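Welcome! Have the sequence and the 3D view ready, and let us walk through some features of this model together.

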Amino acid sequence: MRFQKLASTLLAIALSATAATAESVLVMIEERGCVWCARWNAEIAPIYPKTSEGEAAPLRRLDINQTMPAELSFKGKLHFTPTFVLMVDGKEISRLEGYPGEDFFWGLLGQMLKTAEIGLSS
């Protein structure tokens with residue numbers, strides 16, 4: 001009986017540790033000459049890594065004209081730049097096509113993180 005309780009407790013700890021180690025990343029699909037990418041770079045890029053969103057989903061940049069890394073699984077083709085894709089363990093959870101401006105970006109990103117059940121640090 002004691003062994004079963006211990007085994008259950010260890011299993012619960014292992015499962016919660018596995019969930020806590022899920023890797024989330026925000027992939028930015030961009031290309032040279034993209035005016036909206038440049039605007040995002042000017043308005044958001046300098047502060048993004050310093051935010052709770054940036055800590056929860058660090059930024060990874062990819063060029064739309066290059067072959068996408070095999071370890072990333074996108075739900076569909078990438079057509080627009082910038083496109084922001086929230087990935088968890090290499091799988092697309094959600095995406096934001098285009099850059100709607102600073103105010104809308106933060107709100108939409110927050111919703112993407114909430115939907116993915118990715119908590120933000122305070």
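## A proline in a loop

Let us begin with Pro82, which is found in the loop between β2 (59–63) and β3 (83–88). Helices (H or I, at least four residues) and strands (E, at least two) are DSSP runs, numbered from the N terminus. What kind of peptide bond joins Thr81 and Pro82? The bond is cis, with omega at about -10 degrees.

Before going further, note that this is a predicted model, in which local features need pLDDT of at least 70 and side-chain atom pairs count only at pLDDT 80 or more, while totals for chains, interfaces and linings use all residues. Residues are numbered from 1 along each chain as its sequence is written, and side-chain values use heavy atoms, with hydrogens and water left out.

How many of the residues of β3 are buried? The count is 6 of 6, so the strand is mostly covered; buried means under 20% relative accessible area, exposed over 50%, and partly exposed in between (1.4 Å probe, protein chains only). Thr83, Val85 and Met87 point one way from β3, while Phe84, Leu86 and Val88 point the other way.

Two strands pair if DSSP finds at least two bridges between them. Strand β1 (residues 24–30) runs antiparallel to β3, and 6 bridges join them. Here Val27 stands opposite Val85 in β3. The pairing of β3 with β4 is antiparallel too, over 6 bridges, and Thr83 stands opposite Glu97 in β4.

## Two residues with positive phi

Asp89 sits in the loop between β3 and β4 (91–97). The hairpin of these strands has 2 residues between them, and Asp89 takes a positive phi near 50 degrees there, although Asp89 is not a glycine. Is Asp89 buried, partly exposed or exposed? With 48% relative accessibility, Asp89 counts as partly exposed.

Now look at Glu117, in the segment after α4 (102–115). Glu117 is not a glycine, yet has a positive phi of about 60 degrees. Its relative accessible area is 73%, so Glu117 is exposed.

## The disulfide

The structure holds 1 disulfide, a term for a pair of cysteine sulfur atoms within 2.5 Å. Which residues form it? They are Cys34 and Cys37, and their sulfur atoms are 2.5 Å apart. Both Cys34 and Cys37 are buried. The torsion about their S-S bond is about 80 degrees, so the disulfide of Cys34 and Cys37 is right-handed.
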